[in-house]
Amino acid sequence: MAGPGPAVAETPPAPAHPGCEHCPDDALDDAELISARAALTQGRWQSARSLLLHTGDDWDRRGHRVTVLAREPYAIAWAREWLLAEPGSAGAATLYALTLVRRALRGKGEPERAREACAGAAALAPADPTPWLGLLLLARYLGTGEETRRLFAEVCRRHPEHHHAHHLMAARIAETETRGTYELCAFAERAAAEAPADSPLAVLPVVAYTERHRVLAATGRAPADPAAAGHWTEPSALGALGAAFDWWLEWGIEEHPRRYVDLNHLAHATFGAGRYAEAAALFQRIGRHVTPAPWSYPDRDPCEAFRAARERTLGG
């Protein structure tokens with residue numbers, strides 16, 4: 001596996017369009033998270049404490065909530081204050097560690113300091129995959145292939161179906177695989193096959209094909225438009241897309257905290273494949289909960305890309 005790419009933020013900040021209902025919010029539809037985030041910006045870290053306490057061992061939800069809270073500009077100061085007030089708090093240590101990860105990925109902090117903080121948080125909560133998710137976020141951009149695989153395994157040892165971790169790994173493999181897409185497809189298909197029938201990892205093969213197109217377009221090996229590239233006309237890609245859409249029809253993903261990430265991937269893919277009836281159903285379900293990935297791929301304004309695809313599909 002090739003070496004890692006440059007340090008960049010995990011997800012580029014979405015541009016703001018005043019009055020636009022489709023601008024991404026990484027909190028998605030989590031009202032409790034949105035409330036705790038607003039309180040955190042005002043220095044009231046007790047709301048974040050209560051939120052994480054009540055999240056318990058819902059690991060996908062915990063990871064989602066901590067990573068969103070950690071993106072707030074002043075989260076590091078208030079997480080540090082919380083940690084000073086409760087030095088043994090796993091929640092405080094994890095949030096503080098993820099704020100350091102965020103700063104390191106933006107080139108504003110030392111990666112080693114972030115790694116140490118994640119390790120400290122992991123020691124306070126051995127069963128929690130979230131500190132390991134922080135380490136995986138660092139490795140996804142700054143680590144070696146071996147380190148990335150090791151940390152992914154640590155996350156999955158604690159939560160085998162960890163949604164965010166699988167998406168990070170798919171993106172990393174897409175960027176570093178040099179001989180076609182065998183490893184990427186095998187990884188995604190194996191994860192989907194081994195997960196329970198109702199697991200949203202059923203959508204991971206679609207995510208993998210989307211990540212592959214992102215890399216090809218970013219390096220000039222394919223047109224930026226998946227339709228122009230014929231990306232979704234390949235039999236294997238169409239098969240993955242059909243299976244994922246059928247899974248959504250049967251199981252839905254109504255309770256998962258990151259379900260809109262999958263819905264946006266499915267809408268993006270069905271639109272790119274010209275399957276407008278299916279895309280229309282997905283756009284209706286998404287509503288205003290747009291996610292930067294994959295609409296920002298390879299280098300687009302996600303709000304405008306989503307709006308254009310939605311208007312073409314729904315007619316306005």
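The dialogue below takes up these topics in turn.

Modeller: Please keep in mind throughout that this is a predicted model.

Colleague: How many helices and strands are there in the chain?

Modeller: The chain has 17 helices and zero strands. Its radius of gyration is 19 Å, close to the 20 Å that the globule rule gives for 316 residues, so the chain is as compact as a globular protein of that length. If you follow the C-alpha trace along its principal axes, the spans are about 55 × 45 × 35 Å.

Colleague: And how should I read the packing of two helices?

Modeller: Two packed helices are described by the angle between their axes and by the distance between those axes. Take helix H1 (residues 31–41) and helix H2 (residues 46–55), whose axes come within 7 Å and cross at roughly 150°. Angles over 145 degrees count as roughly antiparallel, and H1 and H2 are therefore roughly antiparallel to each other.

Colleague: Which residues in H1 and H2 meet?

Modeller: From H1 come Glu32, Leu33, Ala36 and Ala39, and these meet Ser47, Ala48 and Leu51 in H2. Sorted by class, the contact of H1 with H2 has five nonpolar residues, one polar and one charged.

Colleague: How is empty space found in a model?

Modeller: Rolling a probe the size of a water molecule over the atoms shows where empty space is left. In this structure there are two cavities of 30 Å³ or more, and the second largest cavity has a volume of about 40 Å³.

Colleague: Which residues line the second largest cavity?

Modeller: The lining of the second largest cavity is made up of Thr210, His213, Ala224, Pro226, His231, Trp232, His268 and Tyr297, which divide into four nonpolar, four polar and no charged residues.

Colleague: What can be said of the second largest pocket, and which residues lie nearest its centre?

Modeller: About 220 Å³ of space lies in the second largest pocket. Its lining has 13 residues, of which Asp225, Pro226, Phe271, Arg300 and Ala309 lie nearest the centre. The elements that give two or more residues to this lining are helix H12 (226–229), helix H14 (259–272) and helix H17 (302–314), and the largest share, four residues, comes from H17. By class, the lining of this pocket has eight nonpolar, two polar and three charged residues.

Terms used:
Residues are numbered from 1 along each chain as its sequence is written. This is a predicted model: local features need pLDDT of at least 70, side-chain atom pairs count only at pLDDT 80 or more; totals for chains, interfaces and linings use all residues. Side-chain values use heavy atoms; hydrogens and water are left out. Axes are lines fitted to C-alpha atoms, for helices over the stretch in contact, and angles run from 0 to 180 degrees between N-to-C directions. Angles under 35 degrees count as roughly parallel, over 145 as roughly antiparallel, 65 to 115 as roughly perpendicular and the rest as oblique. Contact means heavy atoms within 4.5 Å. Ala, Val, Leu, Ile, Met, Phe, Trp, Tyr, Cys and Pro count as nonpolar, Asp, Glu, Lys and Arg as charged, and the others, Gly among them, as polar. On a 1 Å grid over the protein atoms alone, a cavity is a set of points where a 1.4 Å probe fits but cannot get out, and a pocket is an open set with protein on both sides within 12 Å along at least five of seven lines; lining residues have an atom within 4 Å of a point. Grid points are joined across faces, edges and corners, and a volume is the space filled by probe spheres set on the points. The radius of gyration is taken over C-alpha atoms; the globule rule is 2.2 Å times the number of residues to the power 0.38.
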